[in-house]
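The following note sets out numbered remarks on the structure shown below. Please read each point beside the model.

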Amino acid sequence: MIFIADTSPLSALAEIGALEILPALYGTIIVPETVRRECLHPRAPVDLTPWFTDNPWLQVVPDPQPLLPEVGSLDPGEAAAITLAWQSRPASLLILDDLNGRKLCEALHLRRTGTAGVLYEAARAGILDFEAAICRLQTTSFRLSSNVVDELRQRLRANHP
């Protein structure tokens, strides 16, 4: 399986100090060059910069060319990540949060998860306290539906009574 990340989940996980769960869950994480540039932008969370230095489980790849025509309305990082996932299907899982990107992934039949899904999987694997992570996430500018959080809590309870 190939795990491809967009900027938003990386930023959110950096803001809550949880980037280390990515290699623990997925091994190698692949990001297109545009996502790397977005993550190193001066307004990006400061914890992202060291994450892009000397990490054997992070692989930066050139942006795929040409981009899918369907990604034209998305930001450049999402466009590159979705196109890369499309080229790697069905062996890829895309980690992406943007609503329009999620809708496009559904239309393209791409496997995807988001920040909340990553936190859920980490909690299921016993490497993260879901409630503590959600509380930290809610102190950031990250928008997360309370319905999504409630559904993930119910799933966790069902899997760990």
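1. Aromatic pairs. The structure, a predicted model, holds 3 aromatic pairs. Rings of Phe, Tyr and Trp (its six-membered ring) are paired if their centres lie within 6.5 Å; planes under 30 degrees apart count as stacked, over 60 as edge-to-face and the rest as tilted. One aromatic cluster is formed by Trp51, Phe52 and Trp57.

2. Basis of the values. Residue numbers start from 1 along each chain as its sequence is written, and side-chain values use heavy atoms, with hydrogens and water left out. As the model is predicted, local features need pLDDT of at least 70 and side-chain atom pairs count only at pLDDT 80 or more, whereas totals for chains, interfaces and linings use all residues.

3. Charges over rings. A charge is taken to sit over a ring if NZ of Lys or CZ of Arg is within 6 Å of the ring centre and within 35 degrees of the ring normal. Arg89 lies over the face of Trp86, 3.4 Å from the ring centre. The charged end of Arg155 is placed over the ring of Tyr120, at 5.3 Å from its centre.

4. Helix α1. Helices (H or I, at least four residues) and strands (E, at least two) are DSSP runs, numbered from the N terminus. Buried means under 20% relative accessible area, exposed over 50%, and partly exposed in between (1.4 Å probe, protein chains only). Helix α1 is largely enclosed by the rest of the structure, because 7 of its 9 residues are buried. These are Thr7, Pro9, Leu10, Ser11, Ala12, Leu13 and Ala14. For Thr7 the relative accessible area is 11%. Contact means heavy atoms within 4.5 Å; not counting residues up to four places away in sequence, Thr7 touches Val35, Glu38 and Cys39. Just after α1, Gly17 takes a positive phi of about 70 degrees.

5. Nonpolar cores. A nonpolar core is a set of buried Ala, Val, Leu, Ile, Met, Phe, Trp, Tyr and Cys residues joined through side-chain atoms within 4.5 Å. The largest has 39 residues, and Leu10, Leu13, Leu22, Leu48, Trp51 and Leu119 touch the most other members. Helix α7 (residues 115–124) gives the most to this core, with 6 residues. A second, separate core of 17 residues includes Ile30, Val61, Ile82 and Leu84. Apart from neighbours within four places in sequence, Leu22 is in contact with Leu10, Leu13, Gly27, Ile29, Trp51, Ile95 and Val118.

6. The largest pocket. On a 1 Å grid over the protein atoms alone, a pocket is an open set of points where a 1.4 Å probe fits, with protein on both sides within 12 Å along at least five of seven lines; lining residues have an atom within 4 Å of a point. Grid points are joined across faces, edges and corners, and a volume is the space filled by probe spheres set on the points. The largest pocket holds about 1,100 Å³ of space. Its lining comprises 36 residues, of which Ser8, Asp97, Asp98, Thr115 and Phe142 lie nearest its centre. At least two lining residues come from each of α1, α6 (99–108), β5 (112–113), α7 and α9 (146–159).

7. Thr115. Leaving aside neighbours within four places in sequence, Thr115 contacts Ser8, Pro9, Ala12, Leu13, Asp97, Leu137 and Phe142.

8. Backbone geometry to check. Most residues other than glycine have a negative phi, and most peptide bonds are trans. A cis peptide bond joins Gln65 and Pro66, with omega about -5 degrees; Pro66 is in the loop between β3 (58–61) and α5 (76–88). The bond from Arg89 to Pro90 is also cis, with omega near 0 degrees, and Pro90 is placed in the loop between α5 and β4 (92–95). His109, in the loop between α6 and β5, has a positive phi near 60 degrees. His109 counts as exposed, at 70% relative accessibility.

9. Two loop residues. Glu20 lies in the loop between α1 (7–15) and α2 (21–26) and is partly exposed, at 48% relative accessibility. The C-alpha atoms of Glu20 and Trp51 are separated by 9.3 Å, although these residues are 31 residues apart along the chain. Arg43 is in the loop between α3 (33–39) and α4 (48–51) and counts as exposed, at 76% relative accessibility. Arg43 and Asp98 are 55 residues apart in sequence and 18 Å apart in space, C-alpha to C-alpha.
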